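Here is a short briefing on a protein model. Look over the sequence and the structure first, then read the points below.

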Amino acid sequence: LEVRLLDINPFNAQGIDSDTCYFIESMLLACLKRPFKKYSLQSRERSKKNLSLVVEQGRKPGLMLIDNENRKIFINNF
């Protein structure tokens with residue numbers, strides 16, 4: 001699990017304070033206790049393909065991705 005930017009506080013000389021640490025710990029524990037949603041193989045494959053397209057061609061005009069209903073949609077519609 002990767003948590004980004006929560007540990008960077010521009011208003012704190014150390015970058016993080018104890019309140020933020022407690023918040024991050026509480027949030028991660030709450031996430032851990034939530035029921036895990038299982039995604040279908042088809043959904044995971046579609047997400048991988050969309051990610052690859054965005055990484056490789058993200059600025060290409062007219063780039064189309066596949067939505068959850070397997071329809072092609074323009075990336076700017078997300």
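Asparagine 12 counts as buried because its relative accessibility is 19%, and buried means under 20% relative accessible area, exposed over 50%, partly exposed in between (1.4 Å probe, protein chains only). This is a predicted model: local features need pLDDT of at least 70, side-chain atom pairs count only at pLDDT 80 or more, and totals for chains, interfaces and linings use all residues. Residues are numbered from 1 along each chain as its sequence is written, and side-chain values use heavy atoms, with hydrogens and water left out.

**Asparagine 12**
- Asparagine 12 sits in the segment before α1 (18-33).
- Its side chain reaches the backbone nitrogen of glutamine 14 at 2.7 Å.

**Layout of the chain**
- The protein chain has two helices and two strands. Helices (H or I, at least four residues) and strands (E, at least two) are DSSP runs, numbered from the N terminus.
- Along the sequence, the pattern reads α-α-β-β.

- The structure holds three salt bridges. A salt bridge is a side-chain nitrogen of Lys or Arg within 4 Å of a carboxyl oxygen of Asp or Glu.
- One of them pairs glutamate 45 with lysine 48, with the closest N and O atoms 3.8 Å apart.
- Both residues lie in helix α2 (residues 41-57). They are three residues apart, about one turn of the helix.
- Glutamate 45 is partly exposed, at a relative accessible area of 41%. Lysine 48 is exposed, at 52%.

**Salt bridges at arginine 71**
- Aspartate 67 bridges to arginine 71, and their closest N and O atoms are 2.8 Å apart.
- Aspartate 67 has 10% relative accessibility, so this residue counts as buried.
- Glutamate 69 also meets arginine 71 in a salt bridge (3.1 Å, N to O).
- Glutamate 69 has 53% relative accessibility, so this residue counts as exposed.
- Shared partners join Asp67, Glu69 and Arg71 into one network of salt bridges.

**Overall shape and surface**
- The protein chain has a radius of gyration of 18 Å, while a compact globule of 78 residues would be near 12 Å. The radius is taken over C-alpha atoms, and the globule rule is 2.2 Å times the number of residues to the power 0.38.
- The C-alpha trace spans about 45 × 30 × 20 Å along its principal axes.
- Of the 78 residues, 17% count as buried.

Notes: A polar contact is a pair of N or O atoms within 3.5 Å; within protein, one must be able to donate a hydrogen and the other to accept it, and residues adjacent in sequence count only if both atoms are side-chain atoms.
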